[in-house]
Amino acid sequence: MKRLSLVISAYNEESGIERFYEVVRGCCEALRERGWDYELLFVDDGSADRTGEKLRGLAARDRMHVRLLRLSRNFGHEAAMTAGLDYASGDALVFLDADLQHPPRYLAEICERLDAGYEVISMVRTANRSAGVLKNISSAGFYWLINRLSDVHFQPNASDFFAISRRVQGILRQSYREKVRFLRGYVQNVGFRRTVIEYEAAERVAGESHYSLRKLLVFSLNTIMCFSNMPLKLGIFAGALSGLLGLVVLAYTLCTRCGAPSGYATIVVLNCFMFAVLFFVVGIIGEYISVLFTEMKDRPIYLVEEERNFEEEKDDSSLRESRRTQTSSVPDHFAVS
């Protein structure tokens, strides 16, 4: 049987994680009739509640299907998905969150597309009533903006619910190791045979969203910096516009005052405008330098504190060494197994 790895990121999900497990396990058991075995790879992203304890219980209860990675602290959703990308062992991978907003009932259709030869399956959200009007508008605006700034076309409303083949997994592990990350963007950037499945986001099974508008804004800025250099060219356009405006003001002054200065107010307005343009461009350059600085420091994307139910790989020294080289995770003598 082929094996499907479900990579599940969890952060402070103690109130709903067991309900999620029951629902997903029921959907995955139905996949066995289609020739797909499965593993549930939970990545606990440094939860501060009892999520880790409950996941240990699930790993002990279902050693055949549940694997657990606990990161040493909260590294963020992108880092947690990257950990799952590095440790998953299936023939295909499905990424989804632990709040049931990514409906597991679509796993059957995902497997059908995988059997048909597709290697990248993007799940496109058609509606998300729980997100609110502001988040839905900002999400649509983000995709509109980045598709005009970037050479890569992003599927509007694509989410962190997606599936990839083992070949795509290997490419992402080997070649896409940036520290400032946008995994769903990388998935849409690798090419190969792609398809789209539309879905409507369900209500959260429990808890609340951990993405504030501020975090979403920072995430959006980092994504734009990673996939487009167009903002760096704004300095050229701003300089041309400022020069043109200066010529217009100069012509106006010569025509109305016979060469005399046009007044204190005009000078102040022009200075404010020029400094605003200057600081805006300098700020954009600073953001790119910040991304470069983060990449140059080359710190680990994540650190693994604990592993559960990976015993079958313990004796494969070459696999362990390859994984450690790829992920920059904690050495074995610091990991709890």
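In helix H4 (residues 107-115), the buried positions are Leu107, Ile110, Cys111 and Leu114, where buried denotes a relative accessible area under 20%, exposed over 50% and partly exposed the range in between, for a 1.4 Å probe and protein chains only. Viewed along the axis of H4, these buried residues lie within an arc of 100°, so they line one face of the helix; the arc is that of the directions from the helix axis to the C-beta atoms. Helices (H or I, at least four residues) and strands (E, at least two) are DSSP runs, numbered from the N terminus. H4 is followed by glycine 117, which has a positive phi near 105°.

The model is a predicted one, in which local features require pLDDT of at least 70 and side-chain atom pairs count only at pLDDT 80 or more, whereas totals for chains, interfaces and linings use all residues. Residues are numbered from 1 along each chain as its sequence is written, and side-chain values use heavy atoms, with hydrogens and water left out.

Helix H1 (residues 17-31) approaches H4 with the two axes coming within 9 Å and crossing at roughly 35°. Axes are lines fitted to C-alpha atoms, for helices over the stretch in contact, and angles run from 0 to 180 degrees between N-to-C directions. The crossing of H1 and H4 is right-handed, a crossing being right-handed if the near helix is turned clockwise from the far one by less than a right angle, and left-handed if anticlockwise. Cys27, Cys28 and Leu31 of H1 meet Leu107, Ala108 and Cys111 of H4, contact meaning heavy atoms within 4.5 Å. By class, this contact of H1 with H4 comprises 6 nonpolar, no polar and no charged residues; Ala, Val, Leu, Ile, Met, Phe, Trp, Tyr, Cys and Pro count as nonpolar, Asp, Glu, Lys and Arg as charged, and the others, Gly among them, as polar.

The structure holds 0 disulfides, a disulfide being a pair of cysteine sulfur atoms within 2.5 Å. Cysteine 28 is in no disulfide, and the nearest cysteine sulfur, that of cysteine 27, is 6.9 Å away. Cysteine 28 is buried, with a relative accessible area of 0%. For cysteine 111, the closest cysteine sulfur is that of cysteine 28 at 8.1 Å, too far for a bond. Cysteine 111 counts as buried at 1% relative accessibility.

H1 also packs with helix H2 (residues 51-61), at an angle of about 30° and with the axes 10 Å apart. The crossing of H1 and H2 is right-handed. Ile17, Glu18, Tyr21 and Glu22 of H1 and Lys54, Leu55, Leu58 and Arg61 of H2 make the contact, which has 4 nonpolar, no polar and 4 charged residues.

Within H2, Thr51, Gly52, Lys54, Leu55, Leu58 and Ala59 are buried. These buried residues fall within an arc of 160° seen down the axis of H2, so they line one face of the helix. They pack against H1 and strands E1 (2-10), E2 (36-44), E3 (66-71) and E8 (304-308). Ala60 and Arg61 are exposed, on the face of H2 turned away from its buried side.

In helix H6 (residues 166-175), the buried residues are Val168, Gln169, Leu172 and Arg173. Their arc around the axis covers only 135°, which puts them on the same side of H6. The face turned away from the buried side of H6 carries the exposed residues Gln174 and Ser175. Serine 165, in strand E6 (residues 158-165), counts as buried at 9% relative accessibility. Not counting residues up to four places away in sequence, serine 165 touches Asp91, Ala92 and Glu119.
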